[in-house]
Amino acid sequence: MRTRPLGTTGPRVSALGLGCMGMSALYGEADRAESIATIHAALEAGVTLLDTGDFYAMGHNEMLIGEALRAAPAALREQALTSVKFGALRDPDGGWSGYDGRPAAVRNFAAYSLQRLGVDHIDVYRIARLDPNVPIEETVGAIAELVEKGHVRHIGLSEVGAETIRRAAATAPISDLQIEYSLISRGIEDEVLPTTRELGIGITAYGVLSRGLISGHFTADRQLAPTDFRSMSPRFQGENLQHNLSLVEALRKIAEQKGVSVAQIAIAWVLSRGEDIVPLVGARTRERLAEALGALDVTLDDADLAAIEQAVPADAAAGDRYPAAQMSHLGTER
């Protein structure tokens, strides 16, 4: 497994990370035993970065990872690096009620995450979305205090814009920004990516398969449960879905010519964008994990990249990546 740096202040991590959210929430039912087996298979394959959020199924995902780590051989457990998002406020009915970035809340969230994960430190800690009522300097400053005390190793950010990145970096060393980036979600290329590169901040890219939309496995007739995020996502609705799946078919032709899967070529494209970008793959089964890992063996030359760009140009996707109410929380400057 190749490794990549999480910025100039962070650790080197596996070239692919494992996003564990889908093992607990938002994408339909998941099998607990298979989820744990998938985490173990990822560690055995050399994947080191495990990404979660304390609000994924209200702590379920952290406890799942903690269980998997306890059951893993010591050598694999020691190589695992945890990336945790915090701050989202939930209610017993599964609703969302904003974000809390106050220093006292940061310390509180961290205490619970350490307990659920069963670890003595979190490797990368970040607020999931900017709290519009709390300056980013206060939130990052609170994480920096956790770093000083040994509870956190590195400070990260998630889904913020260039101005916020600069303000955070002026407060404390930032190792990494987690943000959506894929063939059909390329908004970071204009301002965010140049800023992180200027400041030596790495990128962990989530949604590299756009929640399965460009995996090559999603079909127009697929029935989604009401609790599945995609049942509300604009990109999975009506004419938007038909248009987006037509992009997938164009990509499939290129993948077939190279003898790889659509998912592999989509992941390989993200890998090709720079050594400072680590794609998170949201595999929930060992089968999907094995397919994703195959992307590491895919080499895209200039002709391949040009063909992909022609098949799926920037801004080609139909529909926003989140419902309107959630879009308002993305990239908010404060």
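At 24% relative accessibility, Ala57 counts as partly exposed; the term covers residues between the buried class, under 20% relative accessible area, and the exposed class, over 50%, with a 1.4 Å probe and protein chains only. Ala57 lies in the loop between strand E4 (49-53) and helix H2 (60-71). Helices (H or I, at least four residues) and strands (E, at least two) are DSSP runs, numbered from the N terminus. Although Ala57 is not a glycine, its phi is positive, at about 55°.

Met58 is placed in the loop between E4 and H2. Its phi is near 50°, again a positive value in a residue other than glycine. With a relative accessible area of 43%, Met58 is partly exposed.

## Basis of the model

This is a predicted model, in which local features need pLDDT of at least 70 and side-chain atom pairs count only at pLDDT 80 or more, while totals for chains, interfaces and linings use all residues. Residues are numbered from 1 along each chain as its sequence is written, and side-chain values use heavy atoms, with hydrogens and water left out.

## Overall fold

The chain has 12 helices and 12 strands. For its 334 residues, a compact globule would have a radius of gyration near 20 Å, and the 19 Å of the chain agrees with this. The radius is taken over C-alpha atoms, and the globule rule is 2.2 Å times the number of residues to the power 0.38. Along the principal axes, the C-alpha atoms fill a box of roughly 55 × 45 × 40 Å.

Of the 334 residues, 57% count as buried. Contact means heavy atoms within 4.5 Å. Among contacts between residues at least 6 apart in sequence, 76% join residues at least 24 apart.

## Surface and charge

The accessible surface of the chain comes to about 13800 Å², and 50% of it belongs to carbon and sulfur atoms. Accessible areas come from the Shrake-Rupley method with a 1.4 Å probe; for residues, only the protein chains shown count as cover.

There are 32 positive and 44 negative side chains, and the centres of the two sets lie 2 Å apart. Lys and Arg count as positive and Asp and Glu as negative, whereas His and the chain ends are not counted. The place of a charge is taken as NZ of Lys, CZ of Arg, CG of Asp or CD of Glu.

## Nonpolar cores

A nonpolar core is a set of buried Ala, Val, Leu, Ile, Met, Phe, Trp, Tyr and Cys residues joined through side-chain atoms within 4.5 Å. The largest has 93 residues, and those with the most contacts inside it are Leu18, Ile39, Tyr125, Leu157, Leu177 and Ile267. Helix H9 (residues 262-271) supplies the largest share of this core, nine residues. Apart from it lies another core of 10 residues, among them Leu6, Leu81, Tyr206 and Tyr322.

Leaving aside neighbours within four places in sequence, the residues in contact with Leu177 include Arg126, Leu157, Ser158, Val160, Ile165, Val192 and Ile203.

Val13 is found in strand E2 (residues 12-14) and is buried, with a relative accessible area of 1%. The C-alpha atoms of Val13 and Ile254, 241 residues apart along the chain, are separated by 29 Å.

Ala205 has its place in strand E11 (residues 202-206) and counts as buried, at 0% relative accessibility. Ala205 and Gln178 are 27 residues apart in sequence and 5.9 Å apart in space, C-alpha to C-alpha.

Glu249 lies in helix H8 (residues 238-258) and is partly exposed, with a relative accessible area of 39%. Its C-alpha atom is separated by 7.9 Å from that of Gly216, 33 residues apart along the chain.

Ala314 lies in the loop between helix H11 (302-311) and helix H12 (324-327). This residue is partly exposed, with a relative accessible area of 34%. Leaving aside neighbours within four places in sequence, Ala314 is in contact with Arg186 and Glu309. The C-alpha atoms of Ala314 and Gln115, 199 residues apart along the chain, are separated by 42 Å.
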